[in-house]
Amino acid sequence: MLTTAAAAAWLYLLVLHGDYWRTSHRLPPEAHGQLPSVTVVIPARNEADMLPACLPSLLGQDYSGRLRVIVVDDDSSDGTATIAAGLANAAAPSPAAAELPAPELTVVATRPTPPGWAGKVWAMAEGVRAAGPGAEYILFTDADIAYAPGTVARLARCAAAGDFAMVSQMALLRTASRWEKVLIPAFVYFFAQLYPFARITRPRVRTAAAAGGCMLVRADALADAGGLSRISGARIDDVALGKLLKRAGGRCWLGLTTDVTSARPYARLADIWNMVARSAYTQLHYSLATTAAVILGLAWLYLLAPAAAIAGLVMLGTGASPGASYTASWLAGAGLAGWLVMAVTYLPMLRLYRLSPLRAPSLPLIAALYAAMTADSALRHLRGRGGEWKGRLIRPPASRSV
């Protein structure tokens with residue numbers, strides 16, 4: 001019964017769960033005409049290594065409107081501010097951008113983080129403060145994110161054409177190392193399964209999220225929603241911002257792209273493990289019951305089908321009795337069906353990342369690793385060392401809400 005239910009769940013996910021597994025959800029049509037004013041806000045804490053690889057891609061954008069770039073130095077100790085300021089003239093503009101005004105670069109330092117504010121959200125707020133009232137749109141991005149030429153213009157035109165409060169794109173993450181190839185595409189796959197992108201655009205559907213590496217937000221929509229102070233304590237700022245804007249009535253869009261890329265390396269298993277363990281328990285609202293339910297759910301959805309398939313085939317191969325043979329056949333059939341559908345849903349993500357489709361059947365093992373990371377996240381928080389990031393220990397907010 002459990003195996004059959006898991007196979008049926010995969011059929012539901014394939015057909016009715018917002019087409020989460022498709023990778024064709026890309027930017028809607030763009031409008032033509034004058035481009036709005038855009039201010040890029042980059043919270044940067046100890047990002048001296050990342051900025052030279054990514055900041056020039058923003059400073060070299062071909063943008064006919066006003067484009068400002070504000071790097072917010074979030075109490076760095078590695079010379080982030082100096083590196084950022086030194087990149088002001090380092091960008092090589094594309095041929096289309098050569099005749100356009102160069103983007104303006106400003107580097108600001110954060111004031112002390114007030115009580116109750118998450119560090120990154122405060123840095124984002126400091127960037128909005130430095131932008132002033134002139135910006136029509138604010139592009140929140142990260143120091144490790146690079147933009148192909150013309151990307152900011154396409155984002156702005158799309159936002160204007162659709163009257164979106166926010167247009168967000170999931171950056172193409174780095175998959176150079178062995179563990180990145182194993183785990184990173186699945187990370188995006190699981191995120192899309194949790195927040196089906198197509199549902200985020202639908203105003204009457206509660207699903208809301210964003211990808212923190214690239215969030216173009218209409219400034220007046222953010223102000224009407226109450227500003228970043230409404231999510232001041234959010235540890236997962238992108239999802240919180242998406243929910244804030246959508247609940248305020250703003251139209252939001254989230255999709256995939258190959259024009260926005262992340263240069264952040266995760267060369268070792270430990271690097272990816274720490275990235276997930278840092279925030280998984282936060283995503284589950286610091287609830288042990290929810291964490292246990294999620295781990296059991298992952299085991300049922302991802303591990304039961306292949307386990308049942310293998311067990312059924314072994315029973316059949318060892319000459320099961322007539323009564324057991326029926327059970328073995330059922331286990332093998334339902335298990336293989338669930339495992340097959342699971343692998344099929346993973347193929348588009350592997351294709352997006354230009355990886356072999358032969359990796360698709362390994363999704364259950366990858367899910368088991370993510371379940372272990374989730375369990376470790378809870379253990380870290382219970383031991384008082386959860387949520388550590390770049391020297392900061394991010395503790396749960398007093399209200400236990402995000």
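**Exercise 1.** Find the partner with which aspartate 220 forms a salt bridge, and decide how accessible aspartate 220 is.

*Solution.* Aspartate 220 forms a salt bridge (a side-chain nitrogen of Lys or Arg within 4 Å of a carboxyl oxygen of Asp or Glu) with arginine 218, and their closest N and O atoms are 2.7 Å apart. Aspartate 220 counts as partly exposed because its relative accessibility is 43%, where buried means under 20% relative accessible area, exposed over 50%, and partly exposed in between (1.4 Å probe, protein chains only). The model is predicted, so local features need pLDDT of at least 70 and side-chain atom pairs count only at pLDDT 80 or more, whereas totals for chains, interfaces and linings use all residues. Residues are numbered from 1 along each chain as its sequence is written, and side-chain values use heavy atoms, with hydrogens and water left out.

**Exercise 2.** Determine which parts of the chain are linked by the salt bridge between glutamate 104 and arginine 68, and classify both residues by accessibility.

*Solution.* First, the closest N and O atoms of glutamate 104 and arginine 68 are 3.9 Å apart. Next, glutamate 104 lies in strand β3 (residues 104–109) and arginine 68 in strand β2 (residues 67–73), so that the pair, 36 residues apart, links distant parts of the chain, strands being DSSP runs (E, at least two residues) numbered from the N terminus. Finally, glutamate 104 is partly exposed, with a relative accessible area of 35%, whereas arginine 68 counts as buried at 13%.

**Exercise 3.** Identify the salt-bridge network that includes Asp144.

*Solution.* Asp144 is linked with Glu47 and Arg264 in a network of salt bridges, and the count of salt bridges comes to 14.

How values were computed: Helices (H or I, at least four residues) and strands (E, at least two) are DSSP runs, numbered from the N terminus.
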